[in-house]
There are 2 protein chains.
Amino acid sequence: MSGERLWIAALGGVNEIGKNMYLVQYADDIIVIDCGAKFPDESLLGIDLIIPDVSYLLNNIDKVRGLVVTHGHEDHIGGIPYLLKQLNIPIYASRLTLGLIENKLKEHGLLRQTSLHCIDADSTLDFGTITTTFFNTNHSIPDCLGVVFDTPEGTVVHTGDFKFDMTPVNKPYPDLHRMAEIGKKGVKILLSESTNAERPGFTPSERLVGSHMEEAFKNAEQRIFVSTFASNVHRLQQVVDAAHHTGRKLTLLGRSMVAVVGVAQELGYLDIPDGMLIEPAEAADLPPEQCAVLCTGSQGEPMAALSRLANSSNRLMEIQAGDTVLIAANPIPGNERNVARIVDNLYMLGARVIYGSRSELHVSGHGSQEELKLMLTLMKPEYFIPVHGEYRMLHHHSLLAEAVGVNPEKIFILKNGDIVEAAGGTVRQSGKKLTAGQILVDGLGIGDIGNVVLRDRRQLSADGILITVITLSQTDGRLLNSPDTISRGFIYIRNSETLMDEINQLVTDTLHKMHKADLGQWNIMKQTIKDVLGKFLYEKTKRRPMILPIIIEV
Amino acid sequence: MSGERLWIAALGGVNEIGKNMYLVQYADDIIVIDCGAKFPDESLLGIDLIIPDVSYLLNNIDKVRGLVVTHGHEDHIGGIPYLLKQLNIPIYASRLTLGLIENKLKEHGLLRQTSLHCIDADSTLDFGTITTTFFNTNHSIPDCLGVVFDTPEGTVVHTGDFKFDMTPVNKPYPDLHRMAEIGKKGVKILLSESTNAERPGFTPSERLVGSHMEEAFKNAEQRIFVSTFASNVHRLQQVVDAAHHTGRKLTLLGRSMVAVVGVAQELGYLDIPDGMLIEPAEAADLPPEQCAVLCTGSQGEPMAALSRLANSSNRLMEIQAGDTVLIAANPIPGNERNVARIVDNLYMLGARVIYGSRSELHVSGHGSQEELKLMLTLMKPEYFIPVHGEYRMLHHHSLLAEAVGVNPEKIFILKNGDIVEAAGGTVRQSGKKLTAGQILVDGLGIGDIGNVVLRDRRQLSADGILITVITLSQTDGRLLNSPDTISRGFIYIRNSETLMDEINQLVTDTLHKMHKADLGQWNIMKQTIKDVLGKFLYEKTKRRPMILPIIIEV
């Protein structure tokens, strides 16, 4: 085995929130941890999803032993269908995580070809030179696992997402004893998540939400609508409990709410009393004070149930004046305005709305600084790699690690693709890099949208397009017609008839003035028209539409 | 005078933050309060600015007595140049406000035609039937005024933007005595701003920022950069003071910072010791611990100084490892991601960054719930109109008014254009409405961008455009060429050659298959091609580009 080395790398998940994908490799054994997707921000016009670049895995297909998944959130499982289309590898995950993955594979028609393995905190997996074990953590979805890799170069621990909730809504408790044991045996390298590394203190228990939820249910005089993340099964359970305690039936609105409640109930993660769950149609016949509704859309998604309720465009239910609406989620950065608009609309309908951080209807699923320090202290790693966060989060997490005694020279803040290498007991950042990047998914296209297309979309979105069709004679190159000019997204046509005449005249004049030698050289003709028209339009309108001259030879 | 009535209306500023514009009219005397602009959100693609619709004023041009401006923020003065291009009316504002308006008019070449009048809290203006007086308030810009209108139907008060800062950085103190006096004499209708109506408690004094600023300056070992709102002259003064106390010279980066510091210093609102202000070029020669920099860009604006510093693309200065950067502003909703990206980049450069609400380098300029209640209690109005806020803010403000004793039936939550009418002592919401809406400014075009153009931009931004040019013979309608198809923002061309061939074939086949009677009817031909191609492309790509068939007859 001499000459072999341990590699640890991120294919996604550092310097970003989303598309988590890490790998641990020793000799010819590669284990992948998570395969997430990320939602695009507004600069990626028209893009549906971003997934990690897995070229390294495709080039080492015979070495990939399996994909271990820490939990069932989109930023950890959303890329799996796209991965499996390129690479068929066995997947190892806990029961609920596997249930959610199965749902996803069913949608993509990939279920039958994939080998799925259910694991828990007591499982041991042998991947050649690497033995893999697990430990229970708490997070905003049940059944989360941290992962321990025993390698010839020492123990590597990946925490997954976690908080330390000592009063969790459902079991299990955070397995402090197991973590202490792992730390005591010695951790060479720790990878720990950094989402809340900027936040002082200790994240409150999910039970805090439950007590405020109960209070809101008791005070509600008519129907009560609760919008939250469908995947937060703990919170769904607290909604179920509050509804049960106040004598309300429960109905579900939104595709993902129906799906998650289905999976969670079937697998025993959600306990709903018999006969409590009813269809929206039945809810209409109930006295309002006996009805509760769980719905999607807490992030202000325009097509989700809450947004439709606020716009009175949900075809199943309608908000009545006096109804209560709870938004049990904080807006993720970027979603504030959409959520605010929904609150405005709900108030206009006469609803009582309980929202925002002061309502205490939401707690984070991620540990704050004291919890990150607790994890670091339990694991007492020699080397530390903060993961799962934007740069400032990784930076703050590294300061926390220093504060609890990790040698600052043994902390690596990575970029996606960077490699930490351990060989013969020495750990250092390798000079090599793996291919890593963002693959853009748009409709059925995966990776076919590049910078050129996005740049075009940006120009089109800001100032529209102006197309001018020039018809030339094949025989003598002479202009056959006056040019045909059409615009979209540039200027309203009724205001622009004179402008279009001016443009057509300008194109005609430009062609007539062009040097004989350049006529017939279509690239030069097109560029000249672009330049002349661009200048003219900018002077006239201070706008820069895309100008597209099309030359037709007849 | 019998038969006359008092009208109060908003042309902008309710159900929104931005483009404030209110009017008070009695008989033939119209007084306008403020004329703001609003920045578009991301749904208004390519739009630069939004201004109020002033049709009502244009139709009653002979009745408009003047524009009274409460303070110099963009949402109160940003629309003035566009208003003056349509309607030349005298402007009344305090000294600093007027200085900022003058700057703006100079840029638009409108300075000489406009009659500008400097007022203060002791001014009295006679506008026919309405006598107008003022009172001092505090806000995040100096020289703010509340406005009192004495009309035959009673007294109307408009607060402008305010907080109650009992320890303001510069004078004046909030004029509680004057406000008490106004309230004691009797206020018929109060219009009060609602920005922080959702926030409990009392907004901290601007001085709190000063103490944290001083501390940060003392701890900085190298250069210190402070980014904040240029218009917050109080805060600029505190930066000047902190720099002065720690023996630093000060330099300015960013056009609006240079402009506001110029105006504020010239008018005596900003006290900068002689020789302290230096050019960026001189700063390069100073020892780092003797240098402070005030810069724009605290909202993450991509072209502003802070963003350029973070990207190492500012041509005047560069961040060095060990420099300190203070972001003395909270991100306005929608700007969180841009600010976070800047913080990431600054950390990557090795800077110490102090940012976010926990840093206490920012306090709001708007009063919180206790201050709104204080204003309501001082003024004890019979009728109340919450203004300057999105609907949920107006709603919460109306609850506060109820709580301090205003009769809920005497509270009006208006939409822009709604009219509150007082006649013979009776106040009610009129059934009439004024024209009110948003006028979109795009480059030089004012109001020429409508829903059609925006809808087109939205489609173009998401999926691009596909243009297919069909050349027909003028004599027999026969297809002369294979169609010419071009796409932009749809799919990367190198991946799509086969697709383009398929499209051209499909268009040719479609035309051949079309009924003889429909050929020659261009609208039918175009619609058929759009339908067939749209369906084909959606099946192939799950994208919906704009499809633009162009028919050329030669």
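Q: How many Å apart do the C-alpha centres of domain 1 of chain A and domain 3 of chain A lie?
A: They lie 52 Å apart. The domain bounds come from an automatic or database domain assignment, which gives chain A domain 1 (6-201 + 364-445), domain 2 (207-359) and domain 3 (450-553). This is a predicted model, in which local features need pLDDT of at least 70, side-chain atom pairs count only at pLDDT 80 or more, and totals for chains, interfaces and linings use all residues. Side-chain values use heavy atoms, with hydrogens and water left out; residues are numbered from 1 along each chain as its sequence is written, and chains are lettered from A and ligands numbered from 1 in the order in which they are written.

Q: How do you know that domain 1 of chain A and domain 3 of chain A are in contact?
A: Contact means heavy atoms within 4.5 Å, and seven residues of domain 1 of chain A meet that test with four residues of domain 3 of chain A. Buried area is the accessible area (1.4 Å probe) that two parts lose on being put together, summed over both; for these two domains of chain A it is about 430 Å², 59% of it on carbon and sulfur atoms. On the domain 1 side, A:Ser43, A:Leu45 and A:Asp442 lose the most area to domain 3, together 73% of what that side buries.

Q: What makes the pair A:Arg457 and A:Asp442 a salt bridge?
A: The term requires a side-chain nitrogen of Lys or Arg within 4 Å of a carboxyl oxygen of Asp or Glu. The closest N and O atoms of A:Arg457 and A:Asp442 are 2.8 Å apart, so the pair qualifies under that cut-off. The rule finds one salt bridge between domain 1 and domain 3 of chain A.

Q: What makes a residue of the lining of the largest cavity nonpolar, polar or charged?
A: Ala, Val, Leu, Ile, Met, Phe, Trp, Tyr, Cys and Pro count as nonpolar, Asp, Glu, Lys and Arg as charged, and the others, Gly among them, as polar. By that scheme the lining has seven nonpolar, nine polar and six charged residues. At least three lining residues come from each of domain 1 and domain 2 of chain A.
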